[in-house]
Amino acid sequence: MLRQKIAAAVMLSSLLAAPNYAIFAQTGSTNNGGGTAAAPAKSVYRAPDDVLAKIKEEGTKNSKVMDTLSYLTDVIGPRLTNSPQMKRANEWTRDTMAKWGMQNAHLEPFGPFGRGWSLKSFSAQVAEPQAFPVIAYPKAWSPGTNGAVTAEVVYLDAKDDAALEKYKGQLRGKIVLVSDARPLEAAFKGLGGRYTDEDLAKLAAPQPAQPARTGAPNPEQLQRFMQQRLFSLKRLNLLVQEGAAVMIDNSSRGDGGTIFVSGAAVAQEIPADPQAAMQRRGGISPQQKEAEGKMIPQITMASEHYNRLVRMIKHGEKPKMTVELAVQYQDQDLMGYNTIAEIPGTDPKLKDEIVMLGGHMDSWHSGTGATDNAAGVAVAMEAARIIQTLGLKPRRTIRVALWSGEEQGLLGSRAYVKEHFGEMQSAAGQGAPGALTKKPKYENLSAYFNLDNGTGKIRGVYMQGNASVRPIFETWLAPFKEMGAATLTMSNTGGTDHLAFDAIGLPGFQFIQDEIEYDTRTHHSNQDVYDRIQADDMKQAATIMAAFVYQTAMMDEKMPRKTLPAPTASAAR
């Protein structure tokens, strides 16, 4: 999942980098208080009690969700987009759903995305003045070191251009620390948690109306972010130009050996007007082949070890490290793939309509992508398995979609939505609504249900500003109140694949989940592994998702839709 609770600078980055329709979805252009919506359905369909009882029994007593999750994480492992492991996961999930009796199981390409990347071997330790291993991990798409490198460790302590200038001529062949030391505190309150009744009540409470975002972000925030981004780029360019051997940064959060690792950075040409250029999306991404010559090996280190090195250097020591990193790029197939499979509809009048469910299968690489997001994938597959195993006959077609490229910007789901349903054309201003171009299948989709908030049980649903779904979801949650799921909020929630649907006016929903250790321990970290998964929560989530999807497929009418904002004049032309 693209991080939901993000710092202002990162939020600005996503605003500047994303297409307008993604901005509309994430910033809540609809009214969060009352909701702008079409008329609700005439009556609320509810599955018979015996059907819901069977779904509960199959989902709790005969569950396969943890078997699925273990294979994805323990056997296949991390699934970086376009890596061999991601391709294996695509094929395994396709074949598994076909074995369960689902139809039209296939891989659907999007892209081109770019090259894949695999870690072949890695070791890092301090060699002098005393030897000790460090907890660290390479960044995705980083180049290798071409054998073991033993070199002095330099702390690049620069905050402006003048300070950066002093390091010229001093970095060739050095292992360079580029982050500040990060103060750590004891975790007196623990790392895990669930929503309390008070938390859920606040989430469900009416919220003030939020006007549509128009124009650019706050000018002061934007200026500050641009300055930081420009300086980081200058610093990286210096390291590449000087011929530094390895760049190391401090884990941005986590402690106790937990490190949070993502992708490598690429040196970029600084244009004459850098601020204007940085407001436009562009530059070379690390998965492009031409980026390889514009990077140096890059790793992230646990804060306890990173902080110690910084302190040693400040005491006048000149520590040396030995780093060996071997990687492999994959250039044979530059396309990304989503896995798709279906349970065909049975109603002659409704079988061409679609109910979708899913989550993203790609992950970062330092853990095994368990809570982010093999959990959502396994739950979606299990929900479909429950319906298939019970021999239920949905009126509409139920379609599972397991996305790739989510971590690089919702690429798989956005491409799928554009190909099958439509897209929002560019608007005049940043964040202003554009004009919607619909594909013929636009009217066929009833709803999409997503799971991508970790291992926690489902506590309810984010309604994404769509007031008309409230009576439907209240009815469907009622049988699961004893399982802890009863909360509905008008809030939008960001950072995952339902946004691609919501952005063009299609009902796309993310379930509310207990956070457990998501932000504190597992999200994008080396601790995102099977052992952090809560099995009972996964069974509960799959059971509820199965019930929601089945009932959506059985309704007389499609899920009600909210009204999109009117397009700007320039977009409408």
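These legends walk through several close-up views of a predicted model.

View 1. Where pLDDT is low, the predicted coordinates should not be read in detail.

**View 2. Here is an open sheet made of eight strands.** Reading across the sheet, the order is β3-β2-β9-β5-β6-β7-β8-β4, and the pairing is mixed. The edge strands are β3 (132–133) and β4 (136–138), each of which pairs on one side only. Strand β6 (residues 175–177) runs parallel to strand β7 (residues 246–250), and three bridges join the two. To spot one of these pairings, look for V176, whose bridge partner in β7 is M247.

**View 3. Strand β12 is mostly covered.** It spans residues 397–403, and seven of its seven residues are buried. T397, R399, A401 and W403 point one way from β12, while I398, V400 and L402 point the other way; all are buried. Which strands does β12 pair with? Strand β10 (residues 336–343) is antiparallel to β12 and joined to it by five bridges; A341 stands opposite V400 in β12. Strand β11 (residues 354–360) is parallel to β12 and joined to it by seven bridges, and M356 has R399 as its bridge partner in β12. To get from β11 to β12, the chain passes through helix α11 (residues 370–389), making a right-handed β-α-β crossover.

**View 4. F421 and F501 form an aromatic pair.** The model has 18 aromatic pairs in total. In this one, the ring centres are 6.2 Å apart and the planes sit at 50°, so the pair is tilted. F421 lies in the loop between α12 (411–420) and β13 (422–424), and F501 lies in helix α14 (residues 498–502), so the pair ties together parts that are 80 residues apart in sequence. Are these two residues buried or exposed? F421 is buried, with a relative accessible area of 1%, and F501 is buried too, at 0%.

**View 5. F449 and F511 make a stacked pair.** Their ring centres are 6.0 Å apart and their planes are at 25°, so the pair counts as stacked. Distant parts of the chain are linked here: F449 belongs to strand β15 (residues 445–450) and F511 to strand β18 (residues 508–513), 62 residues apart. F449 is buried, with a relative accessible area of 0%, and F511 counts as buried at 1%.

**View 6. Two charged side chains lie over aromatic rings.** K56 lies over the face of F480, at 5.1 Å from the ring centre. R115 lies over the face of Y329, and here the distance to the ring centre is 3.9 Å.

Methods: Residues numbered from 1 in each chain as written. Predicted model: local features only at pLDDT ≥ 70, side-chain atom pairs only at ≥ 80, totals over all residues. Heavy atoms only, no water. Phe/Tyr/Trp six-rings, centres within 6.5 Å; stacked < 30°, edge-to-face > 60°. Helix = DSSP H or I, 4+ residues; strand = E, 2+ residues; numbered from the N terminus. Buried < 20%, exposed > 50% of the residue type's maximum accessible area, 1.4 Å probe, protein only. Lys NZ or Arg CZ within 6 Å of the ring centre and 35° of its normal. Pairing = 2+ DSSP bridges. Right-handed = clockwise from strand over helix to strand, strands pointing away.
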